[in-house]
Amino acid sequence: MSVAFINGEFVPVEQKVLPIDERGHQFGDGVYEVIRVYAGSPFMLREHLQRLARSAAAIQLQLNYSPDELEQYIGKGLEQANESEAEVYIQVTRGITPRQHLFPNASASTTMTIRPARNVPQAYWENGVSVALMDDERWANCFIKSLNLLPNVLAKQTAANAGHYEAVFVQNGYITEGSSSNVFVVKAGKLLTPRNSKKILSGITRAALLELALELGIPAEEADISVEDLKAADELFITSTTMEVMPVHTIDQQPVNDGKPGPITRQLQQAYQQLYRKMIVG
Ligand code: PDD
């Protein structure tokens with residue numbers, strides 16, 4: 001089942017709890033994380049909590065719980081939810097206080113939901129998905145996992161309306177990232193992904209894959225990737241906590257290579273699965 005958490009209390013997820021003056025929904029003034037739970041264990045929890053702290057610091061937001069406290073609450077929530085395959089969503093905002101633009105004199109507000117993991121159809125992982133290229137109209141600080149996701153939402157919906165799974169953002173002819181994922185290409189046996197910068201979210205899955213590539217002896221590099229490079233890729237895939245390693249078979253109706261997931265994509269897909277299975281076994 002699903003459970004919700006608001007500032008120290010667990011409540012049923014259906015319960016209406018958010019006060020009208022919560023800055024998260026008035027200003028999007030907050031940051032968040034999504035964590036995947038495999039076999040009852042939150043995967044790469046430390047990395048997610050560290051990124052939450054970085055995002056909060058970047059918007060001068062002081063968290064109201066320490067990483068250890070958050071970890072304990074996640075554990076309690078998981079016990080209550082009694083789900084082994086789950087998704088944890090944590091959101092921290094600048095508090096609950098009458099609406100005014102200036103930072104309020106209030107402590108942060110932390111909410112969380114724990115739900116059964118969304119089912120990604122197995123066929124997507126096997127055969128791949130299609131993506132649409134879209135202008136990156138977001139702000140200059142995409143390294144912050146901010147609640148302000150309107151451009152991402154609009155881009156993903158526009159892509160979905162045209163039958164695509166994901167929108168891939170393009171800025172001045174170069175790929176940044178997906179609306180909720182990072183992008184990787186394989187060219188001549190080499191794995192390439194856009195450089196870490198303020199223009200993209202430093203994905204936890206992305207970092208794990210770069211490490212796996214190193215371990216597997218797959219040459220990998222952070223690089224500038226143009227739209228032409230993307231379209232000429234031998235292999236293409238996108239990554240996120242929930243999508244894991246998702247092959248891409250088509251970009252704007254044009255097949256990637258022969259339209260089938262390639263060998264390096266497959267190898268990394270399996271290595272990533274092994275990584276979370278290994279972490280669970282300990
Ligand atoms: N999104 N880039 C963006 C814009 C994202 O929103 C996400 C993840 C990623 C991948 O990051 P990670 O590998 O750490 O999940 C990249 C989450 C899953 C979401 O908003 O639901």
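This is a predicted model: local features need pLDDT of at least 70, side-chain atom pairs count only at pLDDT 80 or more; totals for chains, interfaces and linings use all residues.

Leu150 counts as exposed, because its relative accessible area is 58% and the cut-off for that class is over 50%.

- Leu150 belongs to helix α5, which covers residues 150-161.
- Together with Val153 and Leu154, Leu150 makes a nonpolar surface patch of about 310 Å².

**The enclosed space**

- When cavities of 30 Å³ or more are counted, the structure holds one, and the largest cavity contains about 40 Å³ of space.
- The residues that line the largest cavity are Asp234, Glu235, Leu236, Pro247, Val248, Val256, Lys260, Pro261, Gly262 and Thr265.
- Two strands, β13 (235-240) and β14 (244-251), each supply at least two residues of this cavity lining.
- Sorted by class, the lining of the largest cavity consists of five nonpolar, two polar and three charged residues.

- Several elements, namely β1 (3-6), α1 (23-27), β5 (86-93) and β6 (109-116), each supply at least two residues of the lining of the second largest pocket.
- Strand β6 gives the most to the lining of this pocket, with four residues.
- By class, the lining of the second largest pocket has nine nonpolar, seven polar and one charged residues.

**A residue of strand β5**

- Is Ile90, with its relative accessible area of 0%, buried or exposed? Ile90 is buried, because a relative accessible area of 0% falls in the class defined as under 20%.
- Ile90 is found in strand β5, and β5 is one of the elements that supply at least two residues each to the lining of the second largest pocket.
- Although Ile90 and Ile35 are 55 residues apart along the chain, their C-alpha atoms are separated by 8.3 Å.

Note on methods
Residues are numbered from 1 along each chain as its sequence is written. Side-chain values use heavy atoms; hydrogens and water are left out. Patches are made of residues with over 30% relative accessible area and no salt bridge: like charges are joined within 9 Å, nonpolar side chains (Val, Leu, Ile, Met, Phe, Trp, Tyr) within 5 Å. Accessible areas come from the Shrake-Rupley method with a 1.4 Å probe; for residues, only the protein chains shown count as cover. A salt bridge is a side-chain nitrogen of Lys or Arg within 4 Å of a carboxyl oxygen of Asp or Glu. Buried means under 20% relative accessible area, exposed over 50%, partly exposed in between (1.4 Å probe, protein chains only). On a 1 Å grid over the protein atoms alone, a cavity is a set of points where a 1.4 Å probe fits but cannot get out, and a pocket is an open set with protein on both sides within 12 Å along at least five of seven lines; lining residues have an atom within 4 Å of a point. Grid points are joined across faces, edges and corners, and a volume is the space filled by probe spheres set on the points. Ala, Val, Leu, Ile, Met, Phe, Trp, Tyr, Cys and Pro count as nonpolar, Asp, Glu, Lys and Arg as charged, and the others, Gly among them, as polar.
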